[in-house]
Amino acid sequence: MADEKFLTYDVVVVGAGNAALCAGISAKENGSKVLILEKGPIQKRGGNSFFTDGAIRTAYRDLEELREVLPGITDEEAARIYMPVYNEEDYYNDLMRVTEGKSDPQLAKQLVSQSMKVIKWLYENGVIFELNENQSFEKDGKTHFWGGLPLKTKNKGVGLVAQLNERVAELGIDVWYESRAIKLEMENHQVTAIQIEQPEGIVTVRTGSVILACGGFEANQTMRSEHLGSQWDAAIVRGSEYNTGDGLKIALEAGAQAYGDWSGCHSIGTDLNAPKVGDFTKPGDIFKKSSFPLGLIFNNEGNRFVDEGADFRNYTYAKYGREVLKQPGHMAYQIFDAQVHPMLRKEYFLEEATFFKADSLEQLADLIKIDKEQFLQTIEAYNQAVQEGDYNPTVKDGKGTKGITPPKSNWALRMDQGPFYAFPVTCGITFTFGGVHVNPTGEVLDKEGAPISGLYAAGEMVGGLFYENYPGGSGLMSGAVFGKFAGASASRYVRGKTKDIVNQ
Ligand SMILES: Cc1cc2nc3c(=O)[nH]c(=O)nc-3n(C[C@H](O)[C@H](O)[C@H](O)COP(=O)(O)OP(=O)(O)OC[C@H]3O[C@@H](n4cnc5c(N)ncnc54)[C@H](O)[C@@H]3O)c2cc1C
């Protein structure tokens, strides 16, 4: 235990989302006295993690390994599940494929190789998992999972945050709300204290180490314009209003190396009428619209602009938000016909979903604000371009189009069976990709690549993992892996430091 006269807290964790809570629990498990700081009030705790669907991407051997954290699945139920293998190599290859080979190999390897171990650690710490049925189709009497994402946390992000907070309370970790970290104090290139802004004023807490896990800059309009481009003013913020880049500024000021894709972000097509910033009374990712591979996407000029069937939605949804942002009015329509409508994800059937329905495509075009003639022409050309083949939404079926741009590479069915549906979407920013450079144990590196003594980072603040695109479910996994490692490293560091002080 640290020398109380020297350190008020061994480890101060900034943020109270998934990464921070994991870091706090891990630091406490490793014997440290821990303080967690959260900028928002208690009723708005949990950050972006609170808004998630709870989908979490892990490598796994087989269904039997998953059942170690899903004890409720009976042998009978297991016999009706088809669970394709998704090993570390599969996860690593997916990450590299969608990031165009740019993901930092050391960090990517750490994420992938630790994923299942950390899932089991979360489970031991009270996190309840369930099967992610959004990632499955019924076929031949069996539930077929696909896309490497069969796990989610019970009751989505709300459940995850509640369960982690329960564990934090059980362990007796202090949490201060309405406490915004603003600056680190350093002596001899080591972290010695942190300044915190509270409603009553500024307080300084002395500490041996700080773990910054306080998100990216997606909710900061000025930083969005500066780094992503001016059109990003128009994006809806899908998650927490508090992720305004504070931690990044604090770290850079302390000499951290900026790292990763600062001009990139995760963004999706979200309901045109979603709140402009995440509403803590409406969590659970209810506004997203992720079934676009089953249909077609049009801008209001009546043209398609992406290959809706390029890949499973997990591997394209995170980059199609910015394509929607580029369209006139920063909006688009997802169009489906009666053949695929029953297969749409649950969010399409919620009362919050905005949609239009008509018996014919002509009538549908009259209901929405679209260039009708062009819309009907584009559909006609698409229908003629659809190739024969076996339609199968559980695999990349190769049933595509020929001779049109953009193509639809998989799951191309003629759009010809009414009634027809139009779901208007706009661009919702999820999180930013740029961060600071950390090593695999979460130590923040300076511009020369050396660790800054006592400074750690986790979660969205870690740069270098995601570029261009992102394999769905990796945000929570990255937060948990790097949070757990940062907590353990910070504790080890403080223990070593305390020993030095005692021995002086
Ligand atoms: C709608 C939505 C759905 C998503 N769905 C999924 C999903 O299903 N699976 C998945 O893997 N990922 C998903 N994501 C992405 C995922 O939320 C993030 O990758 C992950 O939660 C980030 O965790 P974090 O702990 O780094 O940040 P957060 O959970 O955002 O936590 C950061 C915390 O830091 C606090 N903070 C900010 N500044 C300060 C400061 N100066 N001082 C103190 N506290 C501060 C914030 O208030 C916040 O509580 C989704 C995101 C959104 C918005």
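1. α2 gives four residues to the shell around the ligand, the largest share. Helices (H or I, at least four residues) and strands (E, at least two) are DSSP runs, numbered from the N terminus. This is a predicted model, where local features need pLDDT of at least 70, side-chain atom pairs count only at pLDDT 80 or more, and totals for chains, interfaces and linings use all residues. Residues are numbered from 1 along each chain as its sequence is written, and side-chain values use heavy atoms, with hydrogens and water left out.

2. The ligand has 39 residues around it, and E38, N48, S49, A55 and N243 come nearest. A residue counts as near if one of its heavy atoms lies within 4 Å of the molecule or strand. By class, the shell holds 18 polar, 13 nonpolar and eight charged residues. Here Ala, Val, Leu, Ile, Met, Phe, Trp, Tyr, Cys and Pro are nonpolar, Asp, Glu, Lys and Arg charged, and the others, Gly among them, polar.

3. A polar backbone atom of N48 is 2.8 Å from one. For a backbone N or O atom of E460 the distance is 2.8 Å. For G473 it is 3.2 Å. The protein covers 97% of the 1000 Å² of accessible area that the ligand has on its own (Shrake-Rupley method, 1.4 Å probe). Elements giving two or more residues to the shell are α1 (18-29), α2 (47-51), β9 (180-187), β18 (420-432) and α13 (474-503).

4. S240 sits in the loop between β12 (236-237) and α9 (246-253). S240 is buried, at 2% relative accessible area. Buried means under 20%, with a 1.4 Å probe and protein chains only. The S240 side chain reaches the backbone nitrogen of Y242 at 2.9 Å. Beyond its neighbours within four places in sequence, S240 contacts G47, N48, F51, A219, V277 and F280. Contact means heavy atoms within 4.5 Å.

5. Strand β16 (residues 331-336) is largely enclosed by the rest of the structure, because six of its six residues are buried. M331, Y333 and I335 cover one side, and A332, Q334 and F336 the other. In a regular strand the side chains alternate between the two faces of the sheet.

6. β16 has antiparallel partners. Strand β15 (residues 296-298) joins β16 through three bridges, and F298 stands opposite Y333. Six bridges join β16 to β18, with I335 opposite A422. Two strands pair if DSSP finds at least two bridges between them.

How values were computed:
Buried means under 20% relative accessible area, exposed over 50%, partly exposed in between (1.4 Å probe, protein chains only). A polar contact is a pair of N or O atoms within 3.5 Å; within protein, one must be able to donate a hydrogen and the other to accept it, and residues adjacent in sequence count only if both atoms are side-chain atoms.
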